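These are my notebook entries on one structure. I record what I looked up, topic by topic.

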Amino acid sequence: SKSAWYAEAVSAAVDNGLLYGKSSTMLDPNGDMTRAEMAAIINRSFGCYAKADISKYKDVSKDKWYFEDVAMAVQMGTYNGRSNSIMAPDAPITRQEAMTVVARALELDYDSYSKTELTQFSDTRKIAAWALPYVRAMVGADYIHGRGKFLAPQDNITRAEFAQIFANIIKSYITVKGEYNKDHDGNLLVRCADVTLKDMTIKGDLIIGCGAA
């Protein structure tokens, strides 16, 4: 629906090649995002191409659509298994897991956000200890706004919510080689090779994705 709170963010995610439909006519914005789906979106966002050896994860079959995406996510350092041998690719990803993956992808400086206040959220005690530095960084960078007074860290994240996170972070993408000289307002991500940026001002962060190599 064009009137949905997520309409603009989901449209941007589709236009930028991040979010694919579950079928030719269904996008399922309110459906839970799986760990494999999120790995694929992160990889598309940054133009990942290098793959790690993931043979130790016994639940990631080579005949699954997401095998290469999980391998790329592990290589990028955004994904760890839920144990040394379990990746749980088909399981829904929680909000705190999603925040962790995005913070790793952006290489946020966790130390600089270590004192970020989370008292505006009433459920901060539900944040796992391992996730706390990443959650503080995402809130401190103003990329996560919560569900009103709740962070809901252990709830599953929906496809629309994840699209909104990326809309909060990345304003524009460069996906085609060439020379660019137009000023940008907001964070700009370059995810392809042979790009020249010249005589331009970026009012935000310039993010160089894996695909630039």
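The model is predicted, so local features need pLDDT of at least 70 and side-chain atom pairs count only at pLDDT 80 or more, while totals for chains, interfaces and linings use all residues. Residues are numbered from 1 along each chain as its sequence is written, and side-chain values use heavy atoms, with hydrogens and water left out.

**Entry: salt bridges**

I took a salt bridge to be a side-chain nitrogen of Lys or Arg within 4 Å of a carboxyl oxygen of Asp or Glu. By this rule I counted eight salt bridges.

I looked up Asp155, whose partner is Arg147, with the closest N and O atoms 2.9 Å apart. Asp155 has 37% relative accessibility and therefore counts as partly exposed. Arg147 is also partly exposed, at 31%.

Next I examined Arg35, which forms a salt bridge with Glu97 at 3.3 Å between the closest N and O atoms. Arg35 belongs to helix 2 and Glu97 to helix 4, so this pair links parts of the chain 62 residues apart. I numbered helices (H or I, at least four residues) and strands (E, at least two) as DSSP runs from the N terminus. Both Arg35 and Glu97 are buried.

A further bridge joins Arg159 and Glu37, with 3.6 Å between the closest N and O atoms. Because Arg159 lies in helix 6 and Glu37 in helix 2, the pair ties together parts 122 residues apart in sequence. Arg159 is buried at 4% relative accessibility, and Glu37 is buried at 13%. I also noted a salt-bridge network that links Lys22, Asp28, Glu37 and Arg159.

**Entry: helix 6**

Is helix 6 largely enclosed or open? Eight of its 11 residues are buried, so helix 6 is largely enclosed by the rest of the structure. Among the buried residues are Arg159, Phe162 and Phe166. I found that the buried residues of helix 6 pack against helix 1 (7-15), helix 2 (35-46), helix 4 (95-106), helix 5 (132-140) and strand 1 (172-174).

I then turned to Pro29, in the loop between helix 1 and helix 2. Its C-alpha atom is 5.0 Å from that of Arg159, although the two residues are 130 apart along the chain. Leaving aside neighbours within four places in sequence, Pro29 is in contact (heavy atoms within 4.5 Å) with Tyr6, Thr158, Arg159 and Ala160.

**Entry: aromatic rings**

I paired rings of Phe, Tyr and Trp (its six-membered ring) if their centres lie within 6.5 Å; planes under 30 degrees apart count as stacked, over 60 as edge-to-face and the rest as tilted. The structure holds four aromatic pairs. In one of them, the ring centres of Trp65 and Tyr66 are 5.4 Å apart and the planes stand at 75 degrees, so the pair is edge-to-face. Trp65 is exposed at 52% relative accessibility, whereas Tyr66 is buried at 2%.

Phe162 and Phe166 form a tilted pair, with 5.2 Å between centres and 45 degrees between planes. Both lie in helix 6 (residues 159-169), four residues apart, about one turn of the helix. An α-helix has 3.6 residues a turn, so residues three or four places apart point the same way. Phe162 is buried at 2% relative accessibility, and Phe166 is buried at 6%.

Methods. Buried means under 20% relative accessible area, exposed over 50%, partly exposed in between (1.4 Å probe, protein chains only).
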